[in-house]
Amino acid sequence: MPRLKPDTQRARRENILDAAERCFSRSGFHATSMQDICRGAGVSPGALYIYFRSKEDLIAGIAERNRQDFQSRFAKLAEAADFFAALEAIGKAYFVEDEPERRQICLEIGVESTRSAQIGEIHRSVDEYVLCSFQSLFQRMIDDGRIRPALESAALARIFMVIGDGLFWRSGVDRQFDLAKTIPDFVAVIRQLLNPVEDAGAQPAGIVEAAE
């Protein structure tokens with residue numbers, strides 16, 4: 001059998017991950033079989049197992065893709081001259097513009113992380129990356145004189161994560177919840193926590209390197 005080109009391999013891998021994401025979001029991790037994912041992706045079991053040998057491998061692939069997506073969006077936030085406008089934009093992207101299934105799969109991974117040591121490690125790794133990214137950014141903003149919070153950067157990052165997790169949970173369990181209306185309120189709360197220095201608000205923070 002001829003070897004597939006790298007672009008074709010990447011496209012097939014992404015197609016399988018898309019199908020797994022849909023299946024896990026619709027039926028949950030345990031109720032979804034590898035056969036369900038094969039049907040959703042339109043591939044044979046043999047083709048699927050070339051890329052992923054288990055449902056845990058698929059979760060790892062989805063989590064890594066989510067981390068890369070966050071990294072790309074976070075870079076724009078960290079570079080933004082107006083942090084709060086950029087924060088509102090990224091909030092709308094995650095909670096309004098993205099498909100609900102993308103938020104649902106995050107909840108599925110979080111719940112399954114309490115049952116599976118392997119998935120728990122994957123979940124904690126992504127969480128730690130996000131936490132370190134925001135802690136580094138908030139510290140840079142403090143050092144640059146852009147914000148004057150009452151709390152240290154580590155505490156700010158933890159609170160930010162808790163609020164963000166709450167939005168993900170609410171959006172997953174209540175499809176009637178008005179996320180578009182809530183995002184500006186979320187940004188207003190974060191503004192109060194960070195206590196921006198108004199005359200320093202136009203200075204960019206620069207891209208923050210998150211801890212690996």
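How close do the axes of helix 4 and helix 7 come, and at what angle do they cross? They come within 10 Å and cross at roughly 5°. Let's see where these two helices sit in the whole picture.

## About this model

This is a predicted model, in which local features need pLDDT of at least 70 and side-chain atom pairs count only at pLDDT 80 or more, while totals for chains, interfaces and linings use all residues. Residues are numbered from 1 along each chain as its sequence is written, and side-chain values use heavy atoms, with hydrogens and water left out.

## The whole chain

The protein chain has nine helices and zero strands. Helices (H or I, at least four residues) and strands (E, at least two) are DSSP runs, numbered from the N terminus. Reading along the sequence gives the pattern α-α-α-α-α-α-α-α-α. Taken along the principal axes, the C-alpha atoms fill a box of roughly 65 × 40 × 30 Å.

Of the 212 residues in the protein chain, 43% are buried. Here, buried means under 20% relative accessible area, exposed means over 50%, and partly exposed lies in between (1.4 Å probe, protein chains only). The accessible surface comes to about 11700 Å², and 52% of it belongs to carbon and sulfur atoms. Such areas come from the Shrake-Rupley method with a 1.4 Å probe; for residues, only the protein chains shown count as cover. Among contacts (heavy atoms within 4.5 Å) with a separation of 6 or more, 73% are between residues 24 or more positions apart.

## Helix 4 and helix 7

Back to our opening pair: helix 7 covers residues 117-143, and helix 4 covers residues 55-79. Axes are lines fitted to C-alpha atoms, for helices over the stretch in contact, and angles run from 0 to 180 degrees between N-to-C directions. Angles under 35 degrees count as roughly parallel, over 145 as roughly antiparallel, 65 to 115 as roughly perpendicular and the rest as oblique. Helix 4 and helix 7 are therefore roughly parallel to each other.

On the helix 4 side, the residues that meet helix 7 include Ile 59, Ala 63, Phe 70 and Phe 74. Their partners in helix 7 include Ile 122, Val 126, Tyr 129 and Phe 134. By class, this contact of helix 4 with helix 7 has 14 nonpolar, three polar and three charged residues. In this count, Ala, Val, Leu, Ile, Met, Phe, Trp, Tyr, Cys and Pro are nonpolar, Asp, Glu, Lys and Arg are charged, and the others, Gly among them, are polar.

## Helix 1 and helix 4

Helix 4 also packs with helix 1 (residues 6-27), at an angle of about 105° and with the axes 10 Å apart. The two helices are therefore roughly perpendicular to each other. Residues making this contact include Leu 17 and Phe 24 of helix 1, and Leu 58 and Arg 65 of helix 4. The contact of helix 1 with helix 4 has seven nonpolar, two polar and six charged residues.

Arg 65 is buried, with a relative accessible area of 17%; leaving out residues up to four places away in sequence, Arg 65 touches Glu 14, Leu 17, Asp 18 and Glu 21. Leu 58 is buried too, at 0% relative accessibility. Beyond its neighbours within four places in sequence, the contacts of Leu 58 include Ile 16, Ala 20, Met 34 and Phe 52.

## Cysteines without a bridge

How many disulfides does the structure hold? It holds zero disulfides, a disulfide being a pair of cysteine sulfur atoms within 2.5 Å. For Cys 23, the closest cysteine sulfur is that of Cys 38, and at 9.6 Å it is too far for a bond. Cys 23 is buried, with a relative accessible area of 3%.

Cys 132 is in no disulfide either, and the nearest cysteine sulfur, that of Cys 106, is 18 Å away. Cys 132 is also buried, at 16% relative accessible area.

## Two more stops

Most residues other than glycine have a negative phi. Asn 195 is not a glycine, yet has a positive phi of about 55°. Asn 195 sits in the segment after helix 9 (179-194) and is partly exposed, at 38% relative accessibility.

Arg 12 lies in helix 1 and is partly exposed at 42%. Arg 12 and Val 43 are 31 residues apart in sequence and 9.0 Å apart in space, C-alpha to C-alpha.
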